[in-house]
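Hi,

Here is the structure I said I'd pass on. Have a look at it first, and then read my notes below.

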Amino acid sequence: MPLITTVLCERPIDWRYGITLFFNAMRPGLWAKHDQHYGSDFGCPVGTPVRASVNGVARIYFDEFGFGHNIVLTPDEDKMGWHIFAHLSRFAVQDGQRVRAGDIIGYSGNTGNCAGLLAGLRNGSIVERLIDGAWRKVDAKTGAVIDAGAHLHFEIRLGGTTPDKVVCPMFRRPVNERGQQDGYEYA
Ligand SMILES: [Zn+2]
C-alpha cells in the first residue's frame with residue numbers, strides 16, 4: 001500500500017467551485033489499470049482565477065499531452081511537497097516568481113489531457129491556440145473554441161511520481177461569521 005500523507009494548505013480556487021474528482025479516486029474508464037487520480041479536480045469555467053496554495057516559488061511548464069500549461073510551486077517550508085496546478089489557460093506569474101499563499105498565479109482552462117479531448121489533440125483534429133492571451137482548445141477545421149472539460153487539477157507530490165510519493169491535500173476553511181475557522185476540507 002502506498003503511504004499517503006496529508007498537507008494543509010490554502011484552497012487554490014474559490015469555494016463556489018466544488019471538487020469534481022477527488023484525490024485518490026479511480027479514474028473513470030481506467031479501472032482495468034487501477035490507475036488512480038493523484039490530484040483533486042475543481043470543475044470551473046475557463047479563466048477562473050487560480051491561487052497559490054502556499055508561499056513559495058512558481059515555475060512554469062508545458063506538457064502537451066498531460067498537464068498542459070501548468071505551474072509547479074515549490075513551497076518555502078520543508079515537507080510540503082511540490083504543488084502542481086494543471087490545465088491552465090494563462091499564467092499570472094513569471095517563471096521563477098516568488099508568490100504568497102492566496103496570490104493569483106494563473107487562470108483555469110482545459111489545456112493538455114482534459115475530458116476525453118486527448119485523442120483529438122493527438123490526431124490533430126483539435127489544436128491549442130493562443131487567443132487574446134489565453135491558450136484555448138480549438139477545432140482544427142472550423143476554428144471553433146472548445147471549452148469542454150475545463151477544470152483545475154491540483155496535485156501535491158513529495159518529489160516524485162510514484163504512488164508512494166503522492167499527498168492528500170487538506171484545505172483550510174474560511175473564517176466563519178463568528179470569526180472562527182471551522183476546520184478543513186479533505187480533498
Ligand atoms: Zn485531475
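Contact here says that the C-beta atoms of two residues, placed from the backbone, lie within 7 Å. Val175 sits in the loop between S14 and strand S15 (184-186). Buried or exposed, then, with 10 other C-beta atoms within 10 Å? Val175 is exposed, because 10 other C-beta atoms lie within 10 Å. The cut-offs are 20 or more other C-beta atoms within 10 Å of a residue's own for buried, 12 or fewer for exposed, and partly exposed in between, with C-beta atoms placed from the backbone.

Before you go on: this is a predicted model, where local features need pLDDT of at least 70 and side-chain atom pairs count only at pLDDT 80 or more, while totals for chains, interfaces and linings use all residues. Residues are numbered from 1 along each chain as its sequence is written.

Now the overall picture. Of the 187 residues in the protein, 35% are buried. Taking contacts between residues at least 6 apart in sequence, 58% join residues at least 24 apart.

Which strands pair with S13 in the antiparallel sense? One is strand S3 (residues 40-43), over four bridges, and there Ser40 has Phe154 in S13 as its bridge partner. (Two strands pair if DSSP finds at least two bridges between them.) Another is strand S7 (residues 82-91), which pairs with S13 over five bridges; Ile84 stands opposite Glu155 in S13. Strand S14 (residues 166-172) also pairs with S13, over two bridges, and Arg157 has Val166 in S14 as its bridge partner.

Last, there is an open sheet of three strands in the order S10-S11-S12, with antiparallel pairing. Its edge strands are S10 (126-131) and S12 (145-146), each pairing on one side only. S10 and strand S11 (residues 134-139) run antiparallel and are joined by six bridges. Among the residues there, Arg129 has Arg136 in S11 as its bridge partner.

Happy browsing!
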